[in-house]
Amino acid sequence: MDDLFKKITGHCKEYGFVYQSSEIYDGLAATYDYGVYGSLLKNNIKEYWWKSMVQMHENIVGIDAAIFMHPKTWKASGHVDAFNDPMIDNKDSKKRYRADQLIEGAMEKIEAKIIKDVEKARKRFGDAFDENEFRSTNGRILDRQKNIDENLKRMNNALRNEDMDDLKAQIEELGIACPESGSKNWTEVRQFNLMFSTQLGAVAGDDGKIYLRPETAQGIFVNFLNVQKTSRQKIPFGIAQIGKAFRNEIVARQFIFRMREFEQMEMQFFVKPGTQKEWYEKWKETRIKWHKALHPDSSLRFHDHDNLAHYADAAVDIEFQFPFGFRELEGIHSRTDFDLSSHQDLSGKKLQYFDPEEKENYVPYVVETSIGCDRMFLAVMSHAYTEETVPDAKGNDSERVVLKFHPALAPIKCAVLPLLKNKEELTDKAREVFNKLKMHVNCYYEEKDNIGKRYRRQDAIGTPYCVTIDFDTLEDNTVTLRDRDTMEQTRISVDEVVEIVKKKCDMTQLFA
Ligand code: ATP
């Protein structure tokens, strides 16, 4: 799987999807730039989210709030005091780690041993093998599972109680060594605040200190009444936003999975107090459907939070099976009235809703859906990346790398290719088709190299359709339409090209 992940990151760079930021200066850790095709793909992901959340819901409206906010925002939200991760340094390698991730890593190693035992038994017993029974009766597996459960429980308690000493004790008891130096020479565990700060204007010192927002949600909360009044929405209703967020992650690794500057797509749904549980279930169901329109059930799962954040009364992650395992892709949180009430208290301004049916004022409860756009990009990329052996033009086996994006998300929808580059009658006709098509979809015109090579280049950037203009086109006004996945070629009329490509790449297929 490591190998697959390396191939995907390599492909992203080679084909203009994602580059390391400031690469000529050896890059800036955990910061990435999206290239020609990457930015198109990312925009399509955002469009899919925005349309399905805002356009398809009469009771959800969108905003675009500033990244800088009044510093009191982050006091009220709890981020100044509690947006911390526990960090620990290895004194020999000078490398910094998240204490909880070191413990989780040790548990993953035990889990890997369990999986190995299960696979061995599966081979030994053949068809008669019952995995559930084996896991619940085999002594060695039961001991290992108990070990994992107890350690995770202890870690979660320590995190909840901010007991840094116990996290350190656990790391020592488990005999965890630094992956870099192999030594167990650790510092104490300390809390580390993840917010980036900067100075506003010419004011020096703490008076001018402001933060880069660590989540987009607060821009929605502080605007709650502005938006509700101007959009004349009645509860229940939602406010959506897509925008940058910044976190000074202690360990930023795994490519665009964990970045220090990233983009979130968040929606806060305001509901009557007491109805939050019902809405939480509804949003869980709605959001998993959104993912399933793109990805198979087996690559997705829910994971309930063991440790609830200070603002939540229920929380679940939608996890996706990345090449390095199941990890959080989206969070759904029942945030109670924590944020609105805190802002109300600290600002002294009422953030209440007058319910015309109940004839009373109240602070609404909130159910949030929050997904990282970059993590979604990585999920889409990991699912699309395929290596295949296919027949070439002469019928011999050849290897191809193809990105099997859903056509609605593909950066380029159609490539227009004249069969030969030096035949003006072909290139003129191809230009004519291209000029018509470009008014409707992102398309690509290319003359260079033989047609087989050009098809492969389009496969590698995930273009779902190629249209080839050949000598028959000049006779009967037809072209070949080549399908990326099946590689089938069909003859269609030039007059149909726009409509067929538009229909095949239409995003409404995903909403259905
Ligand atoms: P994690 O546990 O992985 O640090 P989180 O629980 O802190 O994530 P949330 O605060 O719930 O994340 O943020 C919502 C979403 O934002 C996440 O589901 C994820 O998709 C995205 N996200 C959070 N942190 C990052 C990051 N450093 N880089 C990229 N995306 C991120």
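Predicted model: local features only at pLDDT ≥ 70, side-chain atom pairs only at ≥ 80, totals over all residues.
Local features need pLDDT of at least 70, side-chain atom pairs count only at pLDDT 80 or more, and totals for chains, interfaces and linings use all residues. Residues are numbered from 1 along each chain as its sequence is written, and side-chain values use heavy atoms, with hydrogens and water left out.

The ligand is surrounded by 15 residues, of which E249, R258, M259, E328 and L329 are the closest (a residue is near a molecule if one of its heavy atoms lies within 4 Å of it). Strand β13 (325-336) is among the strands that supply at least two residues of this shell, and β13 gives the most, with five residues; strands are DSSP runs of E with at least two residues, and helices are runs of H or I with at least four, numbered from the N terminus.

A side-chain N or O atom of E249 lies 2.8 Å from a nitrogen atom of the ligand, and a backbone N or O atom of L329 is 2.8 Å from an oxygen atom of the ligand. The protein buries 85% of the 590 Å² that the ligand exposes when taken alone (Shrake-Rupley method, 1.4 Å probe).

Helix α15 (residues 451-461) gives the most to the lining of the second largest pocket, with five residues. By class, this lining has five nonpolar, three polar and five charged residues.

Terms used: Polar contact = N/O pair within 3.5 Å; in protein donor to acceptor, adjacent residues only side chain to side chain. Nonpolar A, V, L, I, M, F, W, Y, C, P; charged D, E, K, R; others polar.
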